[in-house]
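Thanks for making the time this morning.

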Amino acid sequence: MAPHYAPSLWARLPAMALMLEIIFIVLFAFFVETEEFKKTKNQEFLYLYANFQDVHVIVFLGFGFMSMFLVRYGFSGTGFGLLVAAMVVQWATFINAFLSSFHSSKDILVLVNAELCAASALVAMGAVHGKTNPAQLLLLGLLEVTGLVVNQGLIKKLFKNDTFNTTMQLHVFGALFGVMTSWVLYRSEAEPRHEKEKFDSKTGLFSTLGMLLLWMFWPSINFVEAQEIRIMYSTYLSLAVSAVTAMALSVLLSPKGKINLVHVQGAALAGGVAIGAIRTVLDPWVAMVIGMCATLLSTLGFRYMKDHMLFAFECHDTCGVLSVHAIPGILGWFADLFLQLVNTDDATIAIRFAVHYICILLISVSMSLVTGTITGFLLKLKFWKPQQDRKCFDDQAFWEFPHLAVHN
Amino acid sequence: MAPHYAPSLWARLPAMALMLEIIFIVLFAFFVETEEFKKTKNQEFLYLYANFQDVHVIVFLGFGFMSMFLVRYGFSGTGFGLLVAAMVVQWATFINAFLSSFHSSKDILVLVNAELCAASALVAMGAVHGKTNPAQLLLLGLLEVTGLVVNQGLIKKLFKNDTFNTTMQLHVFGALFGVMTSWVLYRSEAEPRHEKEKFDSKTGLFSTLGMLLLWMFWPSINFVEAQEIRIMYSTYLSLAVSAVTAMALSVLLSPKGKINLVHVQGAALAGGVAIGAIRTVLDPWVAMVIGMCATLLSTLGFRYMKDHMLFAFECHDTCGVLSVHAIPGILGWFADLFLQLVNTDDATIAIRFAVHYICILLISVSMSLVTGTITGFLLKLKFWKPQQDRKCFDDQAFWEFPHLAVHN
Amino acid sequence: MAPHYAPSLWARLPAMALMLEIIFIVLFAFFVETEEFKKTKNQEFLYLYANFQDVHVIVFLGFGFMSMFLVRYGFSGTGFGLLVAAMVVQWATFINAFLSSFHSSKDILVLVNAELCAASALVAMGAVHGKTNPAQLLLLGLLEVTGLVVNQGLIKKLFKNDTFNTTMQLHVFGALFGVMTSWVLYRSEAEPRHEKEKFDSKTGLFSTLGMLLLWMFWPSINFVEAQEIRIMYSTYLSLAVSAVTAMALSVLLSPKGKINLVHVQGAALAGGVAIGAIRTVLDPWVAMVIGMCATLLSTLGFRYMKDHMLFAFECHDTCGVLSVHAIPGILGWFADLFLQLVNTDDATIAIRFAVHYICILLISVSMSLVTGTITGFLLKLKFWKPQQDRKCFDDQAFWEFPHLAVHN
C-alpha cells in the first residue's frame, strides 16, 4: 500500500511548495523593500521583540506540540504545523503589506501580524488534522489567511473605526473555517471512531508541553497588539481561573469521576481566548468570571457537543477547535459588547455599539463558513490524492519510518 | 477498583476547587482594584516582563516536568502542578496585597511575588508527590503559602530591616514544610519501595527537559527581586560549576561508576539555590566555590540521606526536596552570613548580623516544621479519601486513561 | 560487561572534571574581577538579556535535545551536552577575557561570547556523538574552543579590520573540527551501520522539540552580536523558506516519496546558518534565495554525501554537522563576498575584499582541520578507555539505568 500512496506526496507536495516559494520570492523582490529596517535598538523594538518571541513560540512550538496527542500523528502534527506556518507567514507578510499599501510594513509589527495570521491557519488545521495530506494543508492555510485578511479589510472599510479586533477573528474565523472544511471532507468510512484517534501516556505528555507553552505565553499573544499591561493582567488571571475550573469540571462531568487530559488541555485555554476578544478595561474579578464561564462552555462543548457534531452533522473536529476557539471567542465578543453597553449611558450610542458588534460578528462568521466550505470542496478533489481512510491519523503515510529506515 | 476510588475525586475536588474559585472572585471584587494598571510601556515594565516570563516558565513548566520522572505519574506531575500553581497565584496575589495594605499591588511585581510563592508551594509538593490526591494538594498549597507569607510578615515586623530574603525562605520553608507533611502522611504499607517509584528512558527525558528549563532560567528567578546584574552573573557561574560537579560526583559516589540521572538533575540546581540565599556582592570565584559546595552536599544528601530518612525516620521524600532545596538554601544563608562577617570590622555589628541571620533562619525553620506537621495531620483525615497504597505513584487513580478512553 | 566498563568512567571523568573546576576557580580568583558588574537596569542590558536568554536556550536545550534522535542515547545527548557546555562557558569566559586583555569583560557580552563558543563546541560534538565517553568529550570541547579563540585572535591580528565574523566560524570551524576528530576515531568494527543509530517515534519527537527551539531562536543567535533588526528579519525569512524547502526536497529526493525526519530537521536550519555568515544588508528576497540554496545543498549533503563520506573516507558524522553547519556556513560566506563585490565599483577594493574573504576562510578551515585531527589522535589514546564498539550509541554504558535502579 505504501508504494501506492507515496507517489502522491511525491507528485504534489514538492512541486506545489517549491513553486509557491519561487512565487513568493518574486513577489518579495518586486513589492517588499528593506530600507525601512534601519531603526535599531530603540525601546519600541525591544518591547516588541520579547513579545514577538512569545508569539513565535506559541505559533511554531505550542500549536504543533498541542496537536500531537494523537498516538501515531506526532511527526505530522509538528512537521506539518511548521510547514504551513512557515509558508503562511511569508504570504501574510506580503498580503498584509500589499493590502495596507505598505504603511505598516516598517517594523516588527509586520511579523507579529503575520504570526497571528499563521496562528489562525493553525487553528483551522486543528479541525482537519489526520484526514488531509500536507499539500492540502498548504492550500488550506493559504486560503484561510487570505479569507481572514479580506474579511478584516472588509470590516475596516465598512465600519471605519477601531472596534476592529484581530484576536477575536483569529480564533472564531479560524475555528469555523476549519470545521466547515472538515464537514465537507467527512469520510463516512473512517467510522466507527478511528482506533488511532486516541492518545497514549507519552503523546499525552508532549501535548501537555504544547498546551503549557500556549497557556504560559497567551498573555503575550493577547497584549502584543494593544500593548497595555492590564490586558496581560486580565489574561493571566482569567487563565489561572480557567486551569482550575477546567480540572474541576472535567471530574464533575466524567461518569467515573476522573480527569480527561484532552478536555482539560482545551478548556484551560478558553479563558485566554475569551479575554483576547475583549478591549474594554476589565476589573480583575470580571476577567476571572469570564474565564470561568468560557471554561464551562468549553468543557460542555468537549463532553457533549463534539460527539453530537459527529453523529448528527457528520462533522469531525479532530482537536475540538470549536470548543477551544470558536465558543470562547464568541463569548468574549458578547462580553465585550455587554461591558460597553454597561459603561454607556446614551441609548443611541449603545444601540450603535450593539449593531456594530453583531454585524462584525455576523460578517466574520458568514465569511468563515463560506470560505471554509469552498476550501473544503477544493480539497475534496481527487487531484490531491489524500491518504486512504485506514491511513488517517497515521504518520506512516508521509514519513520514512524509524524501523524501516535503519539503512539510511 | 477504579469505581471504588473514582467517586472520591468526584466528591471532593470539584466542590472544593469551584468553591475556592468563587471565594477568590468575591475577594478580588471587593479588595483588588485595577485602576493602577494604567502605566504602560515604561521601561521598568519592559525589564520586569521578560524576567517575569522566565519565572513563569520555571513555575508552570519547569517544576511540573521535572517532577515527571516517575514512570506512571506524568499526567499528575504536570497536571496537579498546574492546578496548584494556578490556585496559589490567585491566593498569593490577594494575600500579599492584603497584608501589605495594597501598597505593592500596583504593578507586575505583585505577579512576580505570587509566582515565587507558587514556586515554594511546588517545592513542598515535591515531597508528597504520588501519595496524595489533588484535593489534598490544593489544601497543602494554600496552607504552605499562607504559612510562608505569615512567616515573612513576622520576620519583617520583628527585625524591621531589609535582611529579609524571599528566595532563601522559598526553598527552605517549602522543602521543610513538604518533608514534615510527608513524614506525617507516611504509609508503612507502601513499603517495600514502591515499584512504580522509578523512571524509564522516556520519562527521564521529560524530566531532563524540566530540569534544563529550571537550570537555564534560574538566574532570572534569583535576580527578579533584587534586579542586579551581578546576581544573575553569580548564579550563572555557580550553576555552570554545579552541573559539572554534579556529574563528576554522581560517578564518583556510584558503586558501578555510572551516572544517576535523578541525582544529577537535583544536584545541578543546588548551586542556584545557594546563590539565591545570598545578597552580598560576590566575586565570581566565590560564587563558583559556593556552587561546588552546594552540589557536594546535595549529592551526598541524595546518595545517603534520602534512604536514611526513609528507614530511620519513616519519612519519604519523593523528589528529594531536602537535598535540592533545603540543604543548599541553608548553606547559602550561612555563606551570606560568613561573607557579611568577613566584610565587617566592627565586632558589635558583626554579632548583630550573626544574631539576625540565625534568628531569621530559626524562625523560618520552626514555622515550616510546625505548619508542615499541622498540614500533615489535616491531610491525614479520612475525609480526603486519598488513593489506596497500591495506587500510589500512578496516574490511573485520577485520569481517564488512554487505552480505556477510545470511545471518547 | 558493564562492570568492566563502568570503572573507566569512574577512573577518568570525576578526577578530570573536578580538577578542571578547581583550576578554573583559581584562574577566576586571580584574573577575573567583578566590580565592573555594577551597572544595572540600563537599556543595553535589557536588550541583551532577552537576547542572551534565547542563545542560552539554544545552547543548553536546543542542541541537547536535537542530538537526541538516537534511540538509546537520550540521556547522554542532553546530559553530556550540558556537561561540556557548562565547562566550556567557564573556559571561554576566561580565555576571551584573557586574550582581549580584559577589555570586553565588562558586561553580559562576555557571557554571550562564551555561549557562542559553547555552541561551536556542541557542533563539533555532533560529529562524534555516541562514539566517545564524556571525559573525551570534555577534552574535545576545551580544545575546540581554544582552537576557535586562537583562530579568531590570529585573523584579527592579520587583517586588522572588522570583516571578522564569529558566527561563520562558529559553524564552519566547529563542524570541520568535529568531522576530522570523528575521522581519526573511526571504528571499523562498528560497521555494518550500527543498529542503535536510528530514531523511534518518541525520540524523533524530542529531537523535533530541540530542532524547533533552534529554528525559533536562531534569529536571536544571528543578531545578538551585530544587534541590527534587519539581520533578525533576514534570518527569519530565510528560515521560513528553509523549512518549506527542506520538506519539499526531502520528499522529492526520497525513493518512496516520504519525508525523512532527520534530513528535514537538519536542512530546515541551513538557511539560518547561511544568513549568520552574512553581514551585508540584504533585501528580503535575497535572504529567501540564500535560504533556499542553503537548504538544497544541505539536503543533498544528507541524502548523498553522508553515506559517501562513510564508505569512501571512513568518516562517520553522527548528526550530519557537515551538511547542517559547514556547507551552509561556507555558502553564506561566499554569498557575503559576492554581495560585497556587487556593491563595489572600485576593482582594487573588490579584489582586496575577495582576498580577505578567501584568506579568512582558508585560515579557519586549515586551523579546524589541523586542530581537529590533533584532537582526534589525542582522544584515540587508550588512556581514555572509550566504550566498546557494541556499546556505541547506548546510554547503558554511562548511566544507572531505570530498570536496574529500582532499589535506588
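Let me begin with one pair of side chains, those of A:D200 and C:K202, which meet in a salt bridge with an N to O distance of 3.9 Å. Please keep in mind throughout that this is a predicted model, and that the distance of 3.9 Å falls inside a cut-off of 4 Å, so the pair is counted under that rule.

Now to the way the copies are related, where chain A is superposed on chain C, with an RMSD of 0.0 Å, by a rotation of 120° and a shift of 0.0 Å along its axis. That is the relation of a three-fold axis. As for the surfaces, 9% of the contact residues of chain A recur in chain C, and the copies use different surfaces. Which residue of chain A comes closest to the rotation axis? It is A:A50, whose C-alpha lies at 3.8 Å from that axis.

Turning to chain B and chain C, we find 60 residues of chain B in contact with 63 residues of chain C. About 5800 Å² is buried between chain B and chain C, with carbon and sulfur atoms giving 76% of the area. Within the share that chain B buries against chain C, the three residues B:I229, B:Y236 and B:K258 supply 12%, which is more than any other three residues. The rule finds 2 salt bridges across this interface as well, and C:D200 forms a salt bridge with B:K202, where the closest N and O atoms are 3.9 Å apart.

Let me move from the interfaces to contacts within a chain. Over all chains, a search of the whole structure finds 12 salt bridges, and A:R187 forms a salt bridge with A:D389, the closest N and O atoms being 2.8 Å apart. Because A:R187 lies in the loop between helix 6 and helix 7 of chain A, and A:D389 in the segment after helix 12 of chain A, the pair ties together parts that are 202 residues apart in sequence.

Finally, in chain C, the axes of helix 11 (residues 321-343) and helix 12 (residues 347-380) come within 9 Å and cross at roughly 170°, which makes helix 11 of chain C roughly antiparallel to helix 12 of chain C. Among the residues making the contact are C:W333 and C:F334 of helix 11, together with C:F353 and C:Y357 of helix 12, and by class the contact has 12 nonpolar, 1 polar and 1 charged residues.

Technical notes: Residues numbered from 1 in each chain as written. Chains lettered and ligands numbered in written order. Predicted model: local features only at pLDDT ≥ 70, side-chain atom pairs only at ≥ 80, totals over all residues. Heavy atoms only, no water. Axes fitted to C-alpha atoms, helices over the stretch in contact; angles between N-to-C directions. Helix = DSSP H or I, 4+ residues; strand = E, 2+ residues; numbered from the N terminus. Parallel < 35°, antiparallel > 145°, perpendicular 65-115°, else oblique. Contact = heavy atoms within 4.5 Å. Nonpolar A, V, L, I, M, F, W, Y, C, P; charged D, E, K, R; others polar. Least-squares fit on C-alpha atoms with pLDDT ≥ 70 in both. Buried area = accessible area lost by both parts, 1.4 Å probe.
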